[in-house]
Amino acid sequence: MPAGYIIAEVDVKNPKEYEAYRAQVPATVKQYGGEFIVRGGTVEGLEGAPPKGRIVIIKFPSFAQAKAWHDSAEYAGPKALRQQHSEGRLVVVEGA
């Protein structure tokens with residue numbers, strides 16, 4: 001079964017409050033079998049519009065598991081924090 005990846009582009013608007021989100025997320029990711037592949041770091045656009053803010057990539061055992069994490073009760077609280085203190089895009093992609 002191919003892995004599932006959550007790919008996020010996040011423009012943090014309130015860094016101090018966003019830290020609460022960052023502290024809560026790893027436990028929820030681990031609970032759903034996920035692991036961070038990329039979590040912030042240097043970003044440079046090579047083609048097209050430059051990325052806004054942070055890039056995060058999380059690998060899950062499957063596409064369904066990635067969606068289950070995103071929609072889970074465990075992630076609901078942290079997700080609300082992220083949405084309140086940042087703007088961005090999240091997609092789920094099936095791996096090769």
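**Entry 1: salt bridges.** I began with the charged pairs and counted 3 salt bridges. I kept in mind that this is a predicted model. As a reminder to myself, side chains of opposite charge can pair when their charged atoms come close.

The pair I looked up to begin with was Arg89 and Glu9, whose side chains meet at 3.3 Å, N to O. Where do the two sit? Arg89 is in strand 4 and Glu9 is in strand 1, so this bridge ties together parts that are 80 residues apart in sequence. I also checked how open each partner is. Arg89 is exposed, at 58% relative accessible area. Glu9 comes out as buried, because its 17% falls under the 20% cut-off.

Next I went to Lys13 and Asp11, which form a salt bridge at 2.9 Å, N to O. Asp11 has 24% relative accessibility, so I wrote it down as partly exposed.

Then came Arg22 and Glu19, with a salt bridge of 3.5 Å, N to O. How far apart are Arg22 and Glu19 in helix 1? They are 3 residues apart, so about one helical turn separates them. Both are partly exposed: Arg22 has 26% relative accessibility, and Glu19 has a relative accessible area of 43%.

Entry 2: Rolling a probe the size of a water molecule over the atoms shows where empty space is left.

Which elements give two or more residues to the lining? I listed strand 1 (4-12), helix 1 (15-31), strand 2 (35-39), strand 3 (54-60) and helix 3 (73-85). Helix 1 provides the largest share, 4 residues. I sorted the lining by type as well: 12 residues are nonpolar, 4 are charged and no polar ones turn up.

I picked out Ile58 for another look. It belongs to strand 3 and counts as buried, at 3% relative accessibility. I also checked Ile58 against Arg22 from Entry 1: they are 36 residues apart along the chain, and 13 Å separates their C-alpha atoms.

**Entry 3: a surface patch.** Ile7, Val91 and Val93 make a nonpolar surface patch of about 190 Å². I looked up Val91, which is in strand 4 (residues 86-94). Val91 is partly exposed, with a relative accessible area of 41%.

Definitions and conventions
Residues are numbered from 1 along each chain as its sequence is written. This is a predicted model: local features need pLDDT of at least 70, side-chain atom pairs count only at pLDDT 80 or more; totals for chains, interfaces and linings use all residues. Side-chain values use heavy atoms; hydrogens and water are left out. Ala, Val, Leu, Ile, Met, Phe, Trp, Tyr, Cys and Pro count as nonpolar, Asp, Glu, Lys and Arg as charged, and the others, Gly among them, as polar. Patches are made of residues with over 30% relative accessible area and no salt bridge: like charges are joined within 9 Å, nonpolar side chains (Val, Leu, Ile, Met, Phe, Trp, Tyr) within 5 Å. Accessible areas come from the Shrake-Rupley method with a 1.4 Å probe; for residues, only the protein chains shown count as cover. A salt bridge is a side-chain nitrogen of Lys or Arg within 4 Å of a carboxyl oxygen of Asp or Glu. Buried means under 20% relative accessible area, exposed over 50%, partly exposed in between (1.4 Å probe, protein chains only).
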